[in-house]
Amino acid sequence: MVMKFASVLAALAVAAALPGPVAMARTAPPTIAELTAEGRIHGVEVSPSGRYLALIRHNGAKDAIQIIDLTARTQTSILPPEDAGALNIDLVHWKTDERLIYNYRSLMFGGREGKQLVGFSGGLVAMDRSGANQTWMPSFGVLDWLDQDPGHIVVRGYDTSEGRAIRALKVYVATGETTTLDVGAGVTVTWDVDRNGAVVLRYDALGQRSGFRVMGRGAGGQWQELFRIREKDVRAMPEFQVVGTATDATKLYVAIKPKEGEAGDTRELRLYDLTTRTMGPMIWSIPGYDFTSVEIDRKTGEPLSLCYWADAQRCEIREPELRGVYETLLARFGPERSVSIHAMSADAQVLVLYVEGPVDPGSFHVYDRRTGKLELLGAQRPALKPERLAPTARFDWKSRDGFALSGYLTPPQASAAGKPPLILMPHGGPEARDNLQFQSWAQAFAARGYMVFQPNFRGSGGFGTKFAALGYGQWGLRMQDDVMDGVQALIDSGKVDPDRICVVGASYGGYVSLYAGAKAPERFKCVVSFAGVSDLVASQKWERTRRGVDSPVYQYWLRSIGDPEKEREKLVATSPITYAGGYGPPVLLIHGTEDDIVPIAQSRAMEKALKRAGRSVRLIELEDEGHGGWDSETEASFLAEMIAFVEAAIGRR
C-alpha cells in the first residue's frame with residue numbers, strides 16, 4: 001500500500017527541529033510502560049543511489065518493512081509472506097535500488113491458551129522495491145553481500161536438490177537460483193569469502209570447546225589444513241575481538257587490549273595474520289578511551305571510522321570531507337547527544353544518523369549533503385518528548401586517596417521544598433561504564449522525585465586497560481570506596497537528603513548494593529539487588545566448575561575477583577552474605593531462574609541467610625528469564641516492584 005507520509009514520517013516534509021539544551025516546561029512524567037516500551041524502528045538502510053530508505057517497523061507482534069521514496073515523499077508498507085503468529089524481521093539490505101533482501105522469523109502459537117509454539121518458518125528473502133517477486137533463498141547466514149556484484153550474494157545454506165550438507169552458495173537474488181561454491185565436511189561451520197565472491201578459508205570444528213581447523217586452498221584447489229585454533233591458542237593471545245576481514249581474507253581486523261608493559265593503554269585496531277598467527281602493529285586507537293565499534297568500508301576493506309564513549313558517544317572518521325560533515329552535525333545536535341552514522345548511500349551523500357541522549361530515547365535522522373537538509377525520520381518512543389524526561393549531567397569528585405572520578409546525575413523532575421532523596425545506581429560489569437544516554441531506570445526514579453547517581457569507579461571499562469586494572473582484586477575494597485566517596489561528595493555538596501538514600505544495582509551493581517547495605521547500614525535505608533553476587537567464594541567455584549580452570553573466562557575472574565583457594569579469607573571478608581547476621585536495611589532481591597552469568601543460587605543463598613537472621617528480605621524469581629534481554633512487559637513489572645520497594649522505605653520527594 002502506497003500512501004503520503006502521515007504519522008511519524010510526516011516530519012520528512014520539513015527540516016527537523018532539534019531541541020537544544022534550554023529550559024523546558026515539564027509535562028506529565030513518563031510512565032513505566034512508556035519507558036520500557038520496545039523501540040519502534042530499526043534496521044534503517046539507504047539504497048545505493050540514496051533515493052530510497054528501507055526500515056523495519058515494530059507493529060505489535062508483527063514487524064513490517066517500510067520503503068520510503070525521499071524524492072516522491074511516499075512510503076510503501078510491506079508484510080512478509082507469512083501472516084500467522086508472531087513475525088520478527090531482523091535484517092534488511094539493499095542490493096540495488098530495485099531489489100532488496102530481508103530476513104524474518106514467523107512463530108505460530110496454539111494450544112489451550114494460545115501460548116504453545118506449534119510452528120516456525122522463516123529465512124532470507126529477496127524482493128522488488130514494491131514488495132513484488134518475493135524469492136526465498138536457502139540460507140541461514142550471509143557470508144558476503146558482494147557489493148561489487150549487483151546480482152549476487154554468498155550465503156551459508158543448503159542446496160535442497162543435492163542433499164542436506166552445509167554449503168557455501170552463490171545466490172542470484174532475482175530468482176533465488178544457487179551455485180555451489182563449496183560443500184562442507186560434516187564438521188564445517190563457516191567460510192571466509194574475498195570481495196570477488198571466492199571462498200578462501202573454511203572453518204571445521206575440532207570438537208566441543210576445542211576450536212577450529214582453518215583450511216585453505218592447496219595445489220589443485222584442494223582444501224588443506226593451514227593451522228588449528230584451540231582454546232590454548234586463544235589464551236596465549238591478548239584479549240581481542242574480531243572486527244572484520246581485510247582486503248586480504250587471510251588477515252582479520254581485530255580490536256585488542258595492549259599487553260602489560262606496552263606503550264598503549266586504550267583499545268587498538270590491528271591486523272591479525274591467520275596463516276602466521278601473528279599480530280601486526282597498531283593501526284588506530286583513541287587516546288583516553290576504548291573504542292566500542294569499528295566501521296570497515298565494504299568496498300575498500302579499509303577502516304572508515306571508530307566510535308567511542310567520552311560522556312556522549314563520538315566517532316573519529318578518516319575520510320576528511322565526511323569527518324567535516326560529522327563535526328558539523330555534532331554541533332547541530334549539541335554536546336549531550338550521541339551521534340553516529342547508521343547508514344549511507346554508495347556515494348556517501350545521503351546519511352542516516354542515529355541520535356540518542358538522556359532526553360532522547362533514540363531517533364533516526366536523514367541528512368542530504370547535497371542540499372544540507374537534516375530531517376527527522378522517526379523516534380523510537382515518540383511519546384517520550386524531551387520535555388517529559390529529566391536531563392542528565394556529569395558529576396566529578398575525588399576519592400579518599402585523591403583519585404579523580406566522574407559519574408552522572410539525573411535530577412528529580414518534580415520541584416519541591418527540601419533536598420531530594422537519592423538513588424545510588426552502580427553499573428554492572430564491573431568493566432562497563434555509565435555515560436550520557438537514555439536510561440529507563442534512572443528516568444523512572446527521576447520521574448518520581450528522586451536524584452539518581454551513576455558513578456564510574458576505578459575498574460570501570462572504557463577508560464583504558466590501566467584504569468580497568470585498578471579494580472582487579474578490589475571487589476568490596478577500592479572500587480567500593482570510590483562509590484561511597486561519590487555519595488559523600490554529593491551529600492557534602494548539599495544536593496541530596498543524607499537521611500533518605502537507597503542503592504539499586506544489577507549484576508556487579510547488585511553486588512555493590514548488597515555490600516553497601518552490609519558495610520554501611522547507617523547510610524542506606526534500602527537495598528535492591530538484581531542478579532547480584534552475594535558469595536564470592538561460591539561464585540568463583542561455580543565459574544571454575546562450569547567453564548574449566550583453564551578457560552579464558554575463569555582466568556579473567558581470577559584477576560578481577562581473586563583466587564578462592566589462595567585468597568579465600570579476603571573473598572569471604574568481601575562477600576555480602578558474610579554479614580547477613582547483622583544486616584541493616586531491608587533487601588529486595590530479583591533474579592532470573594535461567595541466569596547463566598550469575599546463577600540464581602546467589603540470590604537464594606542471600607535470601608536464606610537474611611531470613612535465618614530475622615532480617616527483612618524478599619526474593620522475586622523471574623521464571624525462564626536470564627541475565628538480560630527481557631521483554632518490555634517483564635522489565636516494566638520488576639521496575640514497578642523496585643520503585644514500590646524504594647517508596648516504602650524512603651518515600652518520594
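In the predicted model, E316 of strand β25 is the bridge partner of L306. That pairing belongs to a hairpin, in which three residues separate β24 from β25. The two strands run antiparallel and are joined by five bridges. Strand β25 covers residues 313-317, and strand β24 covers residues 303-309.

Strand β23, residues 291-296, runs antiparallel to β24, and five bridges join the two. Here V294 is the residue that stands opposite L306. The hairpin of β23 and β24 has six residues between its strands. Within this hairpin, G301 adopts a positive phi near 75 degrees.

How much of β24 is buried? Seven of its seven residues are, so the strand is largely enclosed by the rest of the structure.

C307 and C315 are linked, with their sulfur atoms 2.0 Å apart. The link is right-handed, with 95 degrees about the S-S bond. Both cysteines are buried.

The structure holds two disulfides. The other pair is C502 and C526, whose sulfur atoms are 2.0 Å apart. This link is right-handed as well, with 125 degrees about the S-S bond. C502 lies in strand β34 (residues 501-506) and C526 in strand β35 (residues 526-530), so the bond ties together parts that are 24 residues apart in sequence. Are these two cysteines buried or exposed? C502 has 0% relative accessibility and counts as buried, because buried means under 20%. C526 also counts as buried, at 0% relative accessibility. When the bonded cysteines of the chain are numbered in sequence order, the pairing reads 1-2, 3-4.

A further antiparallel pair is formed by β19 and β20. Strand β19 spans residues 251-256, and strand β20 spans residues 268-273. Six bridges join them. One of the paired positions is V254, whose bridge partner in β20 is R270. Five of the six residues of β19 are buried, so this strand is largely enclosed by the rest of the structure.

W191 sits in strand β14, residues 188-193. Its relative accessibility is 2%, so W191 counts as buried. The side chain of W191 makes a polar contact of 2.8 Å with the side chain of D182. W191 also has R202 as a spatial neighbour. These two residues are 11 residues apart along the chain, and their C-alpha atoms are separated by 4.4 Å.

Two loop residues were also examined. Q413 lies in the loop between β31 (404-410) and β32 (422-424). At 13% relative accessibility, Q413 counts as buried.

G462 is found in the loop between β33 (451-456) and α5 (465-469). G462 has a relative accessible area of 17% and is buried, because the limit for that class is under 20%. In sequence, G462 and E431 are 31 residues apart. In space, their C-alpha atoms are 7.6 Å apart.

Rolling a probe the size of a water molecule over the atoms shows where empty space is left. Across the whole structure, one cavity of 30 Å³ or more is found. The volume of the largest cavity is about 30 Å³. Which residues line the largest cavity? The lining is made up of T392, T410, N435, Q437, Q439, A442, Q443 and Q454. By class, this lining has seven polar residues, one nonpolar residue and no charged residues.

Methods: Residues are numbered from 1 along each chain as its sequence is written. This is a predicted model: local features need pLDDT of at least 70, side-chain atom pairs count only at pLDDT 80 or more; totals for chains, interfaces and linings use all residues. Side-chain values use heavy atoms; hydrogens and water are left out. A disulfide is a pair of cysteine sulfur atoms within 2.5 Å. Buried means under 20% relative accessible area, exposed over 50%, partly exposed in between (1.4 Å probe, protein chains only). Helices (H or I, at least four residues) and strands (E, at least two) are DSSP runs, numbered from the N terminus. Two strands pair if DSSP finds at least two bridges between them. On a 1 Å grid over the protein atoms alone, a cavity is a set of points where a 1.4 Å probe fits but cannot get out, and a pocket is an open set with protein on both sides within 12 Å along at least five of seven lines; lining residues have an atom within 4 Å of a point. Grid points are joined across faces, edges and corners, and a volume is the space filled by probe spheres set on the points. Ala, Val, Leu, Ile, Met, Phe, Trp, Tyr, Cys and Pro count as nonpolar, Asp, Glu, Lys and Arg as charged, and the others, Gly among them, as polar. A polar contact is a pair of N or O atoms within 3.5 Å; within protein, one must be able to donate a hydrogen and the other to accept it, and residues adjacent in sequence count only if both atoms are side-chain atoms.
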